[in-house]
Amino acid sequence: MDNLIIEATKYTPEISFDCNKNLLKIKGKSYPENTSVFYKPVFDWLRKYLGQDEKKDVTVNIDLIYFNSSSSKILMDFCDILDEAASDGKPISVNWIYEEDDEDAFEFGEEFQEDLEFVTFNLVRKAVE
Amino acid sequence: MQKDNSIFSKEDEVIKAAEALLKQGELNGENFLEKYKSLLKSYKKLLRQTKTVTRVSDNQQRKLNRILERLGRYVSFQLFKKITHEKGKVEIRTQRKKLTVFFSDLKDFSYTSSHMEGEALSEFLNSYLEIMTQIVIKWGGTLDKYMGDAIMVFFGDPEFTSDEDHALGCVKMAVEMREKMKGLRSKWYGLGYQDPLHFRMGIATGYCTVGNFGSSERMDYTIIGTPVNLASRLETAADADEVFISHETWSYVKDKVVCEPPVKLHLKGFHHQILAHKVLNLRDESGKDSRLFLLEDEEKGVNIKIDFSKVSKEDVLSIISEIDLPPEVLPETKSSQLT
C-alpha cells in the first residue's frame, strides 16, 4: 500500500505514515476547522494498514505542541484502534513526544497513557527547539 | 465555529443500534445479552473519553488564561481588550482620529543614570514608571510605550468619549503626575539620591493616524502625525516640572485649567512659530484657580495674590511675620485663611 503524507498547515499537523518503515508520525498543531473531515483519510489508511496480516513492530510518534478538544477525541479514537490491534498481537509502540518545559503536554500524555492497555506507551521528552 | 458532530459518529451508531433493539420488543435471549454487553462497553469507552476530553479542555483553558495574563502585561489595557474582544482578522489597518498626545521624560536623566549602579537604576526607573503608569490608567490614557525614562500616552483611542474629555483628562493626568513627583523627590532624596529629579511634559491635540503599523509578521498599535511630533517637541522645550500644551489642547481646557500667557516657540520640524501654554494648575469647581489665594480690598489698599503652587504656607507666614508692623494692623481673619 502507499504511504500517507499530508503536509502541515497553520491549523493541521503533518501526517507521515510510512508502511515500509512501519513508522507513523503526527507532528505539529491540530485544530482543524472540521476535525472529522481532516482525519478521515488518516483513519481509513490506519485501518487498512493494521488490517494487513503482519506482525512487524509498529512505531507511532505523536509530537503535537497544541491540539483542541475535538482533536483530543480523535487522538483517543486513534489510540483505541492501535490498542485493539495490539490486543490482537500486533507489537505497537506509541511515543508521546513533548518539549521538556511543557508540563501541560506531559500531563496530556499521561491522560492518554491511562486509557491504553496493550500498546507500549512512552512519554518522550525532547529539548526545546 | 461549525458544529462537528461527526467525530461522534461511532457513538451515534451505538445509540441507534440500542434504540433499534428496544423497538424490536424482544428483550430476551443471547442476542440481546450480546448487544447489551456491546452497548455497555461503548458507554464505558465514551465516559472514559469524556472525562479525558474534559480534563484536557480544562487544562488548555488554564494555559490560555496564563498566556493572556502574561500578554496583558506587555500591552496597554485598552489594546489588550481590543486584541481579545475584537472579531475578525488582525491586519495592517489605520484610521484618522483626533487624539490628545502626551510625552514626558526625566530632565537630565542620562547624566543622572550614568552615576547610578545598574541594579539601583533598574529599581529606580521601574518604581517611577510603575507610579506614573497607575496615574495613566486612572485617567483612561492609552499607554503607547516607554522609551527608557520617557513615557508616551494618548487619549481618544481605542475608547472615545469627546475631544474635550480627552484633552482635559490628559492635562489632569499631567498635573497629578507633577504633584506625585514632589513626593517622589523627597523619597528619593531620603534614599540617598542627592540630585533631585525633575521631569518635563508636552501635550498636543490634533488629527493622528492610529492603528496597526508594521508588517504582517510583527505589528505595533501606535499613532503617527503632527500632534505626536508637536507633543514631543513641547516636552523638550519645557523647563523642569513644566507642562507645555499646544494651543488646540488649551482651547479645550481653558475653562478648567489655569495657564500662563502663551509663548511663541520655534520648534524643530515646524516652519512656523508654535503657540504654547504653560499649565499652572487646575481650577476648582467654581472655576477659580484652586491654588491661588486672592485678597482684594481697594478701600483698605490691599491687593494680595499668593500662588501656592510656588510657595508654601509656612513661607508665607514667615514673610508676614517679618513685616515690621504692630500686631493690631495685621488682619487676623485673613491670616487664618492661610492655615
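Close-up 1. Strand S4 (residues 58–67) and strand S5 (residues 92–99) of chain A run parallel and are joined by 5 bridges. Strands here are DSSP runs of E with at least two residues, helices are runs of H or I with at least four, and both are numbered from the N terminus. Two strands pair if DSSP finds at least two bridges between them. Residues are numbered from 1 along each chain as its sequence is written, while chains are lettered from A and ligands numbered from 1 in the order in which they are written. Because the model is predicted, local features need pLDDT of at least 70 and side-chain atom pairs count only at pLDDT 80 or more, while totals for chains, interfaces and linings use all residues.

**Close-up 2. Helices H1(A) and H2(A) side by side.** The axes of H1 (residues 35–50) and H2 (residues 69–87) of chain A come within 11 Å and cross at roughly 5°. These two helices are therefore roughly parallel to each other, a label for angles under 35 degrees. Among the residues making the contact are Tyr39(A) and Leu46(A) of H1(A), and Ile74(A) and Ile81(A) of H2(A). Contact is defined as C-beta atoms, placed from the backbone, within 7 Å of each other. The contact residues divide into 6 nonpolar, 3 polar and 1 charged. Ala, Val, Leu, Ile, Met, Phe, Trp, Tyr, Cys and Pro count as nonpolar, Asp, Glu, Lys and Arg as charged, and the others, Gly among them, as polar.

Close-up 3. A cis peptide bond with omega of about 0° joins Asp157(B) and Pro158(B). Pro158(B) sits in the loop between strand S3 (150–155) and helix H6 (163–190) of chain B. Buried residues of H6(B) include His166(B), Cys170(B), Met173(B) and Met177(B). A residue is buried if 20 or more other C-beta atoms lie within 10 Å of its own, exposed if 12 or fewer, and partly exposed in between, with C-beta atoms placed from the backbone. Just after H6(B), Gly192(B) has a positive phi of about 105°.

**Close-up 4. A hairpin in chain B.** Strand S4 (residues 199–214) and strand S5 (residues 219–224) of chain B run antiparallel, joined by 6 bridges. They form a hairpin with 4 residues between them. Across the pair, Asn212(B) has Tyr221(B) of S5(B) as its bridge partner.

**Close-up 5. Asn22(A) in its loop.** Asn22(A) has a positive phi near 60° although this residue is not a glycine. Its place is the loop between strand S2 (14–18) and strand S3 (23–30) of chain A. Asn22(A) counts as partly exposed because it has 16 C-beta neighbours inside 10 Å.

Key:
Axes fitted to C-alpha atoms, helices over the stretch in contact; angles between N-to-C directions. Parallel < 35°, antiparallel > 145°, perpendicular 65-115°, else oblique. Contact = placed C-beta atoms within 7 Å.
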